[in-house]
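Welcome to a short tour of a protein chain. Please have the sequence and the 3D view open side by side as you read.

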Amino acid sequence: MDGGTSEVSAPRRRGMRRVAEMAGVSPSTVSNVLNNPELVAEETRRRVLAAMEQVGYVPNNVARRLRGLPSPLVGAVVLDLANSFYTEVCRGVEDRLLQDGCMLMTCSTDVQPGREQHYLGELEKQGVRGVLITPVATGLEPLVALSGRGVPVVLLDHLGDGRLCSVSVDNASGGEQAAAHLISLGHRRIVMLTGSVAVQQTTDRHTGVRKAFREAGLDPDHAVLEVRIPPPDVAATAEAALDHILRLSDRPTAIVCVNDLAALGVISGLRDRGIDVPRQMSVVGYDDVVFASQLAPPLTTVWQPKRELGRTAAAMLLDESHPGHRHQSLVYRPRLVVRASTAPPCR
């Protein structure tokens with residue numbers, strides 16, 4: 001068996017030496033680039049990676065695990081990759097992981113606990129370096145247990161309780177800013193198109209909207225009508241919800257959407273029904289994704305630091321392997337971006 005091991009490993013050692021020669025570094029530096037990239041200067045790391053690509057040297061992930069080295073694979077379990085918000089967040093994750101030679105695997109749960117459990121189980125079987133997750137529900141015990149089994153977990157766009165690292169946005173503030181803007185324009189009855197009640201972001205935004213109406217001396221029970229739209233195709237379900245909203249005897253004058261994708265469906269549906277935005281109905285989105293400013297009319301929405309969320313979450317995950325790591329919880333503040341989809345009500 002020793003002879004067999006020698007025959008398999010020798011070409012790999014020669015490949016590493018060839019990379020080292022081409023990059024002008026020692027084989028141990030090449031090893032550090034693969035296994036401990038934080039120890040290598042950025043310029044040197046880039047030179048080694050370029051040499052690896054030129055030589056065609058491919059590290060064996062199975063061999064890495066057998067030697068007790070961390071996997072370069074990181075899993076991201078999010079609610080819906082079709083939502084441009086998560087696409088942009090995952091780009092931020094990728095940008096940060098690439099600096100440490102890691103790669104991202106992404107999964108969408110569609111807000112289904114069964115899918116979430118399946119993906120977490122498969123990622124653990126794959127021996128991933130860690131998992132970034134936007135949980136479907138607020139109960140974190142399964143994720144804490146996963147972390148306890150040696151798979152680091154970072155909560156992405158979700159506020160934790162200190163047992164895990166987390167990166168989130170103050171969604172209550174975002175909802176409050178959106179509602180306060182509409183109140184300042186004169187709107188006194190609005191619809192909130194929301195997603196699953198189990199999702200923390202949804203409930204926090206609703207809380208913020210109701211707070212804004214209370215602080216304006218208005219009764220949120222009358223002023224705010226919540227209409228839930230099922231995932232995953234929120235653009236279509238948001239448009240379908242318009243038939244119910246427009247039949248209301250006390251018709252609202254503004255719609256606050258769970259995200260910009262839902263707002264896209266709402267604006268399209270209102271246009272098809274001959275209702276002008278914003279003259280006859282104001283529309284507010286959430287996230288400020290790349291297409292928000294390109295809609296007709298350009299969308300008033302709540303900006304979130306999408307790529308920064310991803311980069312920070314990835315950095316926290318990579319830091320989990322460092323001695324003395326302590327869990328962190330970072331909360332970003334969103335910002336209202338006013339464009340042309342909101343205006344004073346016409347009645």
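What follows is a briefing, topic by topic.

The model is predicted, and the chain has a mean pLDDT of 90. Among the features to look for are an open sheet of six strands and another open sheet formed by four strands.

**Confidence**

- A pLDDT of 70 or more is reached by 91% of the residues in the chain.
- Residues 1-13 have a pLDDT below 50, and this stretch makes four contacts in the model beyond near neighbours in sequence.

**The six-stranded sheet**

- The strands of this open sheet follow the order 2-1-3-4-5-11, and their pairing is parallel.
- Strand 2 (103-108) and strand 11 (329-332) are the edge strands; each has a single partner strand, so one side of each is left without a neighbour in the sheet.
- From one strand to the next, the twist averages 15 degrees.
- Strand 1 (residues 73-78) and strand 2 run parallel and are joined by six bridges.
- Within this pair, Ala-76 is found opposite Thr-106 of strand 2.
- Helix 7 (residues 141-148) packs on the sheet, where it touches strand 3 (130-133) and strand 4. The direction of helix 7 makes about 145 degrees with that of strand 4.

- Strand 6 (residues 190-194) runs parallel to strand 8 (residues 254-257), and four bridges join the two.
- Ile-190 has Ala-254 in strand 8 as its bridge partner.
- Helix 11 (residues 234-246) packs on this sheet and touches strand 6, strand 7 and strand 8, with its direction at about 145 degrees to that of strand 6.
- Helix 8 (residues 171-185) lies across strand 6, strand 8 and strand 9, and runs at about 165 degrees to strand 9.

**Helix pairs**

- Two packed helices are described by the angle between their axes and the distance between the axes.
- Helix 8 also meets helix 9 (residues 200-215): their axes come within 6 Å and cross at roughly 40 degrees. That angle makes helix 8 oblique to helix 9, and the crossing is right-handed.
- Residues in this contact include Gly-175, Ala-179 and Ile-183 of helix 8, along with Arg-205, Gly-208 and Ala-212 of helix 9. By class, the contact has seven nonpolar, four polar and five charged residues.
- The axes of helix 5 (residues 84-99) and helix 13 (residues 306-319) come within 7 Å, crossing at roughly 45 degrees. Helix 5 is therefore oblique to helix 13, and the crossing of the two is right-handed.
- Among the residues that meet there are Phe-85, Val-89 and Arg-96 in helix 5, and Leu-309, Gly-310 and Leu-318 in helix 13. This contact has eight nonpolar, two polar and seven charged residues.
- For helix 2 (residues 27-35) and helix 3 (residues 42-55), the axes come within 10 Å and cross at roughly 95 degrees. Helix 2 is therefore roughly perpendicular to helix 3.
- Thr-29, Val-30, Val-33 and Leu-34 of helix 2 make this contact with Thr-44, Arg-45, Val-48, Leu-49 and Met-52 of helix 3. Its residues count as six nonpolar, two polar and one charged.

**Backbone spots to look up**

- Most residues other than glycine have a negative phi, and most peptide bonds are trans.
- Asp-157, although not a glycine, has a positive phi of about 60 degrees. Asp-157 sits in the loop between strand 4 (153-156) and strand 5 (165-169).
- Val-277 and Pro-278 are joined by a cis peptide bond with omega of about 10 degrees. Pro-278 belongs to the loop between helix 12 (260-272) and strand 9.
- Ala-296 and Pro-297 are joined by a cis peptide bond too, with omega of about 0 degrees. Look for Pro-297 in the loop between strand 9 and strand 10 (301-303).

Methods: Residues numbered from 1 in each chain as written. Predicted model: local features only at pLDDT ≥ 70, side-chain atom pairs only at ≥ 80, totals over all residues. Heavy atoms only, no water. Pairing = 2+ DSSP bridges. Contact = heavy atoms within 4.5 Å. Axes fitted to C-alpha atoms, helices over the stretch in contact; angles between N-to-C directions. pLDDT = per-residue confidence, 0-100. Parallel < 35°, antiparallel > 145°, perpendicular 65-115°, else oblique. Left-handed = near helix turned anticlockwise from the far one by under 90°. Nonpolar A, V, L, I, M, F, W, Y, C, P; charged D, E, K, R; others polar.
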